[in-house]
Amino acid sequence: MLQLISNDILSRSWGICSRFSLIYNLMDINQHWLSDAIRILSPNHDNRTDPEDISLLVIHCISLPPGKFNNSYIDQLFCNKLNPVEHPYFKEIYQCPVSAHLLIKRDGHCVQYVAFDKRAWHAGKSSYEGRERCNDFSIGIELEGTESIPYTEAQYLQLATVIDTLLKTYPKLTRQRITGHSDIAPGRKNDPGESFNWQRIGKASDHRVA
Ligand SMILES: [Zn+2]
């Protein structure tokens, strides 16, 4: 998690002069669960065809209702408990059995719904470098947000920590193999959208490694 270290400590320790610096650590992963994440179990998962093959990271965005943040509707959707009478949009989606491994909320807090060695249902019909069924071999991370509203600083910092942790834990994942839902389902999906700054996770705007 994030630690804010004052200039005094830093300047004594390492001679750094900025007033504040953010130092972020790797997280712990135990039995394929992030120890720093809130855990809410989604039934919407099954076994990977090859549990050793975790080799792609897919970035998404979601908000429920669209454009609204900081509520429990995403948890409800991923647990098949969304109430269709609460919002007209919910009627369209409440019967969709979907999930992601991880959600990073606007304040940076993480919620994990599915263990990383299991197959979450986030990508749908998809293809990466000619290989279809991306759910088989990917980890899906949802950012709470929309394709047009900028993501928060807390989300970018937390995402960077999560990515570093996953890359260290799952060696087939590399920074080259981080992609957007829009890239693996073009024409069908647009997330995480123009609002996502790929450079913040070390990738150029065309998603090559910067
Ligand atoms: Zn998506």
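These points describe a predicted model of one chain, with attention to strand β13.

1. Confidence. The chain has a mean pLDDT of 90, and 89% of its residues reach 70 or more. Residues 1-21 are a stretch where the pLDDT is below 50. Beyond near neighbours in sequence, the model gives this stretch 19 contacts.

2. Overall make-up. The chain contains 14 strands and 5 helices. It has 210 residues, and 33% of them count as buried.

3. Contacts along the chain. Consider the contacts in the chain with a separation of 6 or more: 67% of them are between residues 24 or more positions apart.

4. Burial of β13. How are they divided between the two faces of the strand? On one side are S138, G140, E142 and E144, and on the other are I139, I141 and L143. Both faces are covered. Note that E142 and E144 are among the buried residues.

5. Pairing with β7. Strand β7, made of residues 56-62, runs parallel to β13 and is joined to it by 7 bridges.

6. Pairing with β8. Strand β8, residues 102-104, also pairs with β13 in the parallel sense, over 3 bridges. Here I104 has L143 of β13 as its bridge partner.

7. Reading the points together. Strand β13 has parallel pairings with β7 and with β8, and its residues on both sides are buried.

Methods: Residues numbered from 1 in each chain as written. Predicted model: local features only at pLDDT ≥ 70, side-chain atom pairs only at ≥ 80, totals over all residues. Helix = DSSP H or I, 4+ residues; strand = E, 2+ residues; numbered from the N terminus. Buried ≥ 20, exposed ≤ 12 C-beta atoms within 10 Å, placed from the backbone. Contact = placed C-beta atoms within 7 Å. Pairing = 2+ DSSP bridges. pLDDT = per-residue confidence, 0-100.
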